[in-house]
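Colleague: I would like to go through some of the labels used for this model and hear what each one rests on. Shall we start with the sheet?

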Amino acid sequence: HVKECDRIEAMCTELAKFGVATENHADGIDVHAQQISELNAETPTVHCYDDHRVAMSLSLLACVAPGGAVIDERRCVGKTWPQWWDVLARDLGAPITGADTGAAPTETVSDDTTKAQGLSVVVIGMRGVGKTTLGQAAARELGLKFVDLDDLLEQDVGQTIPEIINRSGWPTFREHETRVLAGALNGDLSRGAVIACGGGVVESETNRALLKAYAGPVICLTPNMQHVAEYLSHDKLRPAYAITSDIHDVYGRRLPLYAESCDYEYLVDKALLGHDGAEQPGAWALIERDFIRLVNFSTGNNLNRVDMQRPSNFVSLTAPNVRDYLPARLPALTAGSQAVELRVDLLLDAPEFAAADLGDEKTGTEFVSHVHRQFTLLRHSTRLPVIFTVRTQPQGGRFPADAVELRLRLLRNAAQWGSEYLDVEVDEHSAQIYAVRMNSLVIASFHDPAGTRLRWNAGEDEFALEMLGRARACGDIAKLISAARSWEDNSACHAFVQRHHSPATPLIALNMGYAGQMSRVLCPCLTPVTHPLLSVAAAPGQISAKQINEARALIGLLPAQRFFLFGTPIQQSPSPAMHNAAFAALGLPHSYELKETSTVDALEPVLADESFGGASVTIPHKQAIIPLLDRLTPAAERIGAVNTIIPVGEGAQRQLLGDNTDYLGIVGCLRQAQFECSAPSFAASTALVIGAGGTSRAALYALHTLGVRSVLIFNRTEARAQELAHEFASLFEQLSTVTQLEDAAASAPAYIIGTIPASDMYLPDALFNDVGVALDMAYKPRWTPLLEAASRRKWAVVHGVAVLIEQGIHQLEKWTRSVAPAKYMGDAVHAKYNMEF
């Protein structure tokens with residue numbers, strides 16, 4: 001009767017709304033049993049009395065009540081379990097609607113992370129924007145079926161679309177389209193597929209209603225209209241637009257209809273990575289990769305989130321144009337970080353917006369379009385999750401505080417663009433963004449640049465606790481930033497974090513300024529960092545990831561670990577030089593050394609040592625090591641070989657995970673080579689693998705990962721080639737062996753991978769037809785017979801040392817869970833390689 005509210009009275013009142021009879025006593029409540037099926041079939045609105053226990057208990061009842069419920073005051077759970085609604089929706093599948101009366105409109109609170117899992121992805125957008133190409137790429141990558149709705153319609157009606165329109169007119173075509181769309185979204189195709197719709201599907205109000213009601217993700221492709229117009233001028237397979245309708249007018253009419261119908265938006269612009277409007281060679285491969293990332297994100301298949309159980313950093317970009325970091329600076333300055341921050345407010349420093357009136361609607365729309373291009377350019381250039389930040393002037397940023405509507409528009413759009421994190425300042429509007437964040441996580445932030453309001457000491461932290469509660473009520477991660485007036489403010493901040501942070505309720509808390517740098521070292525997650533390559537830091541006192549690691553090692557928070565190369569013979573390996581250079585560049589106290597042995601039994605004590613941080617594995621142990629490990633990644637299991645060992649968990653929970661980065665090295669190098677020489681697409685090409693040993697297994701899995709459908713295997717011992725082909729046949733549409741390389745030439749392979757030691761093998765010139773890429777896993781000598789022959793025919797070549805570096809980069813990133821300093825690693829390998837060979 002005397003807690004946050006009179007809970008007994010509250011329960012009697014609210015249970016009655018469900019049709020449950022109760023009796024209120026001085027010391028308790030009697031609840032009369034009721035069959036669930038006999039509860040009130042209407043949808044009651046439940047008042048929570050600002051009491052988290054009332055909200056939690058009645059929301060559970062609403063999960064099974066025939067009419068569900070509208071839960072009022074959802075934010076009251078923020079002080080005890082901010083993720084309650086997410087857990088309820090994500091883990092229990094609760095179909096609950098909640099509201100914050102007086103704070104924000106009623107919004108669904110189900111977590112879109114799971115609403116789409118297993119459900120098909122629907123792609124909409126103008127004809128010619130790339131729905132088929134991108135949809136097919138995503139379907140291949142995710143193992144889904146690709147469906148073209150127009151093809152489905154033609155099969156259903158028995159006529160082509162031009163025939164339908166010529167004979168019966170557009171209204172009849174739209175009726176067919178609606179029937180086929182409804183069947184796809186509500187039938188067997190509603191799961192396990194990527195469905196590409198016709199460009200005009202949104203012209204029908206009924207179709208828009210179907211798309212809005214669909215539980216899976218609907219992604220709209222936003223075009224570069226110049227490219228679309230050029231494509232449509234040559235497209236004769238679909239009916240032309242009316243002579244009086246310009247394609248740009250059609251797009252202008254459909255633009256709000258697309259926005260109304262979609263959950264996510266993806267910008268397709270081949271010229272974005274180029275200069276002066278010119279298309280960069282290989283740009284489409286990056287567009288495909290990034291679109292697949294969005295599909296994974298929208299379906300919950302891969303949310304690309306930072307591990308909150310470990311210290312992590314994000315680098316804050318400060319240039320007014322992302323292009324200033326390309327191509328070389330961005331990979332270097334993100335080294336050691338787990339995320340990258342796009343400071344949207346700093347984009348206002350670009351010349352075209354430096355004096356812009358953001359209150360003007362046209363200017364605001366132009367700025368949103370500019371930010372969309374900048375965001376997409378960043379996504380094309382890094383695999384790291386993006387933190388989308390619009391920092392206002394009162395909180396230390398550049399964005400005008402009075403441009404509220406534009407700021408909220410940008411944040412809503414960022415959720416639609418698939419930004420993994422949204423930094424939302426805690427104010428009266430923040431709940432609106434939290435309600436529409438979909439799969440993005442909201443970092444609810446409050447900055448006190450003067451350090452006069454946020455104090456950390458117990459007894460002085462009333463305002464900090466208030467802001468923490470408000471942040472957790474409208475965010476997934478709380479972020480409180482003050483300024484240090486003395487060094488002791490750091491220990492107070494650290495104590496505050498220890499009282500209130502956990503991986504389930506993350507808290508970023510630190511002090512700005514030179515005196516506050518130690519609070520950055522002690523911050524438990526998502527610490528903002530700078531880099532020497534940045535001309536200016538994003539905030540006073542910001543330091544680099546390397547400096548943080550060095551400081552953490554000095555104060556005992558980052559114990560030194562030992563890493564190894566297992567195998568024999570290994571004395572000439574450049575791996576120690578490569579990985580030790582990386583550790584030094586990142587400020588990590590670790591070491592990498594050789595452990596040469598002919599038997600895996602000698603490795604058991606090394607693996608069991610507390611200081612063991614991970615290992616590379618080479619011949620002859622890639623398969624023999626497996627019994628000593630606790631589990632394998634799917635890739636290592638399918639390949640049947642391990643070249644990387646990763647300890648996961650701590651103490652009694654620690655396990656040894658076996659992985660394989662050889663195939664990732666091949667994938668990365670082939671993608672880069674294709675990008676640079678504009679070689680044919682992987683899906684449309686035949687590949688040849690020379691050899692049938694352990695490395696060839698990684699090569700085959702790499703080709704499967706790239707989407708290659710047709711593969712030939714050549715090996716001097718034909719029986720081994722046939723055995724390998726039989727084992728991997730399920731990964732390809734066509735996998736066969738050849739007894740002579742002349743036979744392989746007849747299939748005109750565009751990609752050739754050598755997996756045997758360099759030898760004087762005869763390689764017919766006919767093998768190198770048109771444009772292609774030859775990759776040799778051997779790196780002694782640098783120019784193997786395969787690479788020499790390919791080079792003579794003007795093919796792109798990939799040296800074995802490049803694959804060694806690429807797979808080593810993946811190893812280091814798996815060990816450190818951060819971006820590897822690729823340049824330092826490559827330089828170290830080449831220095832040793834050039835000196836010895």
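Modeller: The model is a predicted one. In it, 5 strands form an open sheet with parallel pairing, in the order S8-S9-S7-S10-S11.

Colleague: What makes S8 and S11 stand at the edges?

Modeller: Strand S8 (145-148) and strand S11 (264-268) each have a single partner strand, so one side of each is left without a neighbour in the sheet. From one strand to the next, the twist averages 25 degrees.

Colleague: How do you know that S10 and S11 pair?

Modeller: Two strands pair if there are at least two bridges between them. S10 and S11 have 5 bridges, in the parallel sense, and therefore they count as paired. Leu221 stands opposite Tyr266 in S11.

Colleague: Which helix lies across S7, S8, S9, S10 and S11?

Modeller: That is helix H5 (residues 131-142), which runs at about 160 degrees to S8.

Colleague: Which residues of helix H9 are buried, and why are they said to be on the same side?

Modeller: In H9 (residues 205-213), the buried residues include Asn207, Arg208 and Leu211. They cover an arc of only 100 degrees around the axis, which puts them on the same side of H9. Glu205 and Ala213, on the other side, are exposed. Among the elements that cover the buried residues are strand S7 (121-125), helix H8 (170-186), strand S10 (218-223) and helix H11 (247-261).

Colleague: What is found at the start of H9?

Modeller: A side-chain oxygen of Ser204 comes to within 3.3 Å of the backbone nitrogen of Thr206. The cut-off for a polar contact is 3.5 Å, so this pair falls inside that distance.

Colleague: What is the phi of Asn304, and of Leu526?

Modeller: Asn304 is not a glycine, yet its phi is positive, about 55 degrees. Leu526 is not a glycine either, and its phi is about 45 degrees.

Note on methods. Residues numbered from 1 in each chain as written. Predicted model: local features only at pLDDT ≥ 70, side-chain atom pairs only at ≥ 80, totals over all residues. Heavy atoms only, no water. Buried < 20%, exposed > 50% of the residue type's maximum accessible area, 1.4 Å probe, protein only. Helix = DSSP H or I, 4+ residues; strand = E, 2+ residues; numbered from the N terminus. Arc of directions from axis to C-beta. Contact = heavy atoms within 4.5 Å. Polar contact = N/O pair within 3.5 Å; in protein donor to acceptor, adjacent residues only side chain to side chain. Axes fitted to C-alpha atoms, helices over the stretch in contact; angles between N-to-C directions.
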